[in-house]
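Trainee: I would like to learn how to read chain contacts and a sheet in a model. Please take me through one.

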Amino acid sequence: MILDNGSRVKIKDKSPPGHIRTPKYIRGKVGIIERCVGIFKNPEQLAYSLNANEYGLYRVRFKMTELWDDYTEGQNDTLDAEVFAHWIEEIKNAA
Amino acid sequence: MPHDHHEHLSPSGHPYRKDNDEPLTYWQTMEISIRELMIEKGKFSALEITEQIDLMDSRSPAHGAAVVAKAWIDPEFKKRLLQNGAKTVAELGFDLGPMHLVAVENTANVHNLVVCTLCSCYPRNLLGLPPDWYKTREYRSRAVKEPRSVLSEFGVILPEKTTVRVHDSTADMRYIVLPKRPKHTAGLTEDELASLVTRDSMIGTGVVKELP
Amino acid sequence: MRKDRGPEHRWHDMGGLEAGSINNDSHDFAIWEKRVDALLTLSTKKGLFTVDGLRRVLEDMGEEAFETMSYYERWVSSINQNLIEAGIYSLDELGEKMAEVKARGETYGEAQEDKT
């Protein structure tokens, strides 16, 4: 999966109980790809001294109003987080 | 027994250092023990430890301030900085080691704020060790949900029309905010410009000093 | 004790939680804290364990550790756990050494072998 800047994506809503770097507050949320920052080893495996797979790492930009039902500050405010490819689902437009 | 702080020697007979006269704790015992075991086993030397401490001590917000000042006066440097942070700051002699750096720019309408909600990731190899408040529950919880409220606690009030962009350092990138160049600074040297740049302005919880 | 949010939302995953005002205090780092920091940097530089392992152990130490131990106390505890798991030294070696260090004196200064 190669994601272009500006692609709409959804963060997977899975919650395994170990060392993961996808915060709860972005799981299940929709954002856009701000940029790919490179290919990096999976921290979920490095943390347990295992050989780690490499994944694309993306900065994903979310509207604050998407993340929080009760966001009262600037309606254009955004939150960027780095998310690994295996946590990202591309939202394809209907044909 | 209290000792006289005006003496130059502590009860141990060595030059007074507040650190060294603390009652020994379990965790300090562990630190000393691990360090000595590692040295005994040849994993690293005492010199390497000292050099690493000196290296970390040499890193400070002044390094970030120099980068910001250069970006203000040199548009091509700024462009490269926004494209590849670590590679560009190396042009000024700052070796970030394995650390990746993303510079995010404040503009007339955008204000950036950096946090690590999951732990305390910070661009330490450029700016030095992070402040205690950056690691607190309160900052980590609220910066991503009520950034302006957090900013107002730091004394930063933004105009209504400003868009706030919060960056959560969840993985391998570390972030530095490139604050806006203050007004009336056209005649300043690079060093003078750097002296206006505060640590907090590079995290996003502060603004640069203005000229009177 | 804070309300446990359950296994799907771990204690350290703090983004968006309710929290109070931010305490602006900071402290200068003591030499022992700087040494802990150096232990981490050198260990990871030499590939003995990863910063991911450091974080994983810090998380597994639980919320009470976060509330009751200082930052570098938690770090040295995590560094130790990682080095034990990597087989760099044994618990027995550590235990013997810690007893030896403790016997040197009452203060941090006295407990250091290199008394400069």
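Mentor: We start with a contact between two chains: 12 residues of chain A meet 14 residues of chain C. This is a predicted model.

Trainee: How do the residues on the side of chain A that touches chain C divide into nonpolar, polar and charged?

Mentor: On that side of chain A, 8 are nonpolar, 3 are polar and 1 is charged.

Trainee: How many residues of chain B are in contact with chain C?

Mentor: Two residues are in contact if their C-beta atoms, placed from the backbone, lie within 7 Å. By that criterion, 49 residues of chain B are in contact with 55 residues of chain C. Four helices of chain B each supply at least two residues of the side touching chain C: H1 (26–40), H2 (46–58), H7 (137–142) and H8 (147–153). H1(B) gives the most, with 11 residues. The side of chain B that touches chain C has 20 nonpolar, 11 polar and 18 charged residues.

Trainee: Now the sheet. What holds strands together in general?

Mentor: Strands of a sheet pair through backbone hydrogen bonds, either parallel or antiparallel. Here 7 strands form an open sheet with mixed pairing, in the order S5(A)-S1(A)-S2(A)-S3(A)-S4(A)-S3(B)-S2(B).

Trainee: Which are the edge strands?

Mentor: They are S5 (88–90) of chain A and S2 (110–115) of chain B, each pairing on one side only. From one strand to the next, the twist averages 35 degrees.

Trainee: In which sense do S2(B) and S3(B) pair?

Mentor: S2(B) pairs with S3 (residues 163–168) of chain B in the parallel sense, over 6 bridges. His111(B) has Val164(B) in S3(B) as its bridge partner.

Terms used. Residues numbered from 1 in each chain as written. Chains lettered and ligands numbered in written order. Predicted model: local features only at pLDDT ≥ 70, side-chain atom pairs only at ≥ 80, totals over all residues. Nonpolar A, V, L, I, M, F, W, Y, C, P; charged D, E, K, R; others polar. Pairing = 2+ DSSP bridges. Axes fitted to C-alpha atoms, helices over the stretch in contact; angles between N-to-C directions.
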